[in-house]
Amino acid sequence: MSDYQVNNPATGEIEATYPTATEQDIQHVIKQADTAYQDWRKVPLNERSALLHKIADIYLERQDELSRIVANEMGKPVAQAKGEIGLVADIYRYYADNAEQLLAPSTIDVDSGSASVEKHPVGALLGIMPWNYPHYQVARFVAPNFMAGNTIILKHAPQCPNTAEVIVDIFKDAGVPEGVYNNIFATNEQSATIINDTRVQGVSLTGSERAGQAVAKEAGGALKKVVLELGGSDAFIVAADADIEQAIQGAISGRFGNTGQACNAAKRLIVIESIYDKFVEGFTNAVSNMTLADPLKEDTFIGPMSSKAAAVNLQAQLDSAIQAGATVLVEGGMDKDKPGAWFKPAVLTDVTESMDVYREELFGPVAVVYKANDIDHAIKIANDVPFGLGASIQTQDAALAAEIADKLEVGMVTINAPSGSEANTPFGGVKRSGFGRELGTLGITEFLNYKLIRDKS
């Protein structure tokens with residue numbers, strides 16, 4: 001049986017199954033992407049830009065339909081899915097409008113003659129994408145590389161095959177030439193085959209640490225450029241002078257948006273002790289009043305988790321923390337009275353360094369609250385994890401925010417709002433959160449040939 005199937009997490013029902021690629025399919029896709037590259041790289045930027053604008057138009061025209069597909073595949077509430085689709089359109093438009101400037105050659109001041117650096121595409125690329133933002137993750141990889149002149153082979157998450165196919169349809173309807181974007185329902189072993197093929201010039205993965213290690217190993221052995229956007233355990237630091245109500249609302253949306261299934265979610269809430277009790281009271285009251293609801297309803301904030309397996313794994317982590325002595329502020333966990341992957345939000349405190357979950361990523365609706373003696377202690381807690389994706393700081397003191405931001409070992413810091421994503425700002429982390437950047441001015445730089453042209457005459 002194929003791994004690629006739609007297993008509705010709200011009902012537990014298998015709604016569609018797709019066949020896994022054959023070896024002939026793999027070779028066909030690689031050849032198609034490589035062949036298309038020879039022409040695509042020559043297409044003028046203004047023509048590529050027009051295609052990206054058309055892609056953005058189609059996304060917005062089909063926003064309702066696309067959002068329902070996402071809800072059925074991985075449980076994202078449709079209102080949040082529509083927000084994802086809007087961001088996708090922004091990303092395509094950003095690169096359509098700015099690529100000419102971003103790809104312009106730069107000059108170098110030399111003693112004699114002239115020197116410049118031109119930015120050229122490199123060829124066919126493999127993208128391995130996750131299920132939690134099934135359109136957005138693809139867009140932030142595809143949009144800049146389309147404009148750069150690279151072609152794409154895309155392996156989507158096995159639980160989002162409907163979305164994978166509809167993306168192909170969108171590009172086809174927009175007029176993207178055949179072979180420039182190629183979907184493939186590949187296995188992990190087949191992905192390794194693609195990475196090792198000499199016609200493929202690089203790979204970008206968004207996913208787990210384990211997947212990142214496997215892909216990096218293959219890419220390293222094949223001497224291929226790789227970009228990895230992996231897990232996170234982002235800190236949400238609440239300083240003593242923070243606007244408490246704003247901080248509580250930010251923590252709710254930052255921790256429980258997309259049912260807590262975001263790499264840059266506010267997974268660890270670190271609160272200065274002088275306001276700890278007040279913050280905890282408001283936060284736990286808000287979490288206690290959350291209700292799980294049908295993701296197809298417009299007013300739903302929390303739906304099911306993406307899969308039964310994900311819920312079971314998160315329950316095991318929650319149980320482990322409780323058995324090790326963590327205090328339960330809001331009792332949550334799997335709702336075993338419902339079919340599917342329903343998981344009630346939970347809040348823990350008194351998580352200590354001796355517990356596994358202290359340094360693990362909790363990928364779902366479980367929040368951990370820490371009490372910090374002072375800002376230095378808060379920073380120490382924030383940095384004491386193997387991840388370094390992002391962090392949030394809640395304070396009304398701009399100088400303090402700058403001081404904290406400078407000391408955080410992360411790739412992104414957001415002040416007085418939960419972490420998010422915008423088309424024109426770079427996204428990525430350090431440590432075990434991966435390396436490389438997507439979006440913004442840096443997102444188009446990862447898979448380019450920076451060609452020096454030196455004239456000494």
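Colleague: Let's start with F146: which residues does F146 touch, leaving out those up to four places away in sequence?

Modeller: In this predicted model, F146 touches W40, R48, L52, I55, I152, V176, V180 and Y181. Contact here means heavy atoms within 4.5 Å.

Colleague: What makes F146 stand out in the largest nonpolar core?

Modeller: That core has 53 residues, and F146, together with Y92 and Y95, touches the most other members. Several elements each supply at least two of its residues: α1 (23-40), α2, α4, α5 (136-148), β6 (151-155) and α6 (161-174). The largest share comes from α4, with 11 residues. There is also a second, separate core of 35 residues, which includes A235, L348, V357 and Y358. As a friendly piece of background, nonpolar side chains tend to be buried together in soluble globular proteins.

Colleague: How do you know that Y92 is buried?

Modeller: Buried means under 20% relative accessible area. Y92 has 0%, so Y92 counts as buried. Y59 also has a relative accessibility of 0%, so Y59 is buried by that cut-off.

Colleague: How many aromatic pairs does a search of the whole structure find?

Modeller: The search finds 14 aromatic pairs. One to look at is Y59 with Y92.

Colleague: Why is the pair of Y59 and Y92 called stacked?

Modeller: A pair of aromatic rings is described by two things, the distance of the centres and the angle of the planes. Rings pair if their centres lie within 6.5 Å, and planes under 30 degrees apart count as stacked. The centres of Y59 and Y92 are 6.1 Å apart and their planes are at 20°, so this pair is stacked.

Colleague: Why do you say that this pair ties together parts that are apart in sequence?

Modeller: Y59 lies in helix α2 (residues 45-61), while Y92 lies in helix α4 (residues 78-102), so the pair links parts 33 residues apart in sequence.

Colleague: Which residues lie nearest the centre of the second largest pocket?

Modeller: Those are Y133, A262, N264, S419 and G420, out of 23 lining residues. The pocket holds about 490 Å³ of space, and α4 gives the most to its lining, with 4 residues.

Conventions: Residues numbered from 1 in each chain as written. Predicted model: local features only at pLDDT ≥ 70, side-chain atom pairs only at ≥ 80, totals over all residues. Heavy atoms only, no water. Phe/Tyr/Trp six-rings, centres within 6.5 Å; stacked < 30°, edge-to-face > 60°. Buried < 20%, exposed > 50% of the residue type's maximum accessible area, 1.4 Å probe, protein only. Core = buried A, V, L, I, M, F, W, Y, C linked by side-chain atoms within 4.5 Å. 1 Å grid on protein atoms, 1.4 Å probe; cavity = no way out; pocket = protein on both sides within 12 Å on 5 of 7 lines; lining within 4 Å. Points joined across faces, edges and corners; volume = space filled by probe spheres on them.
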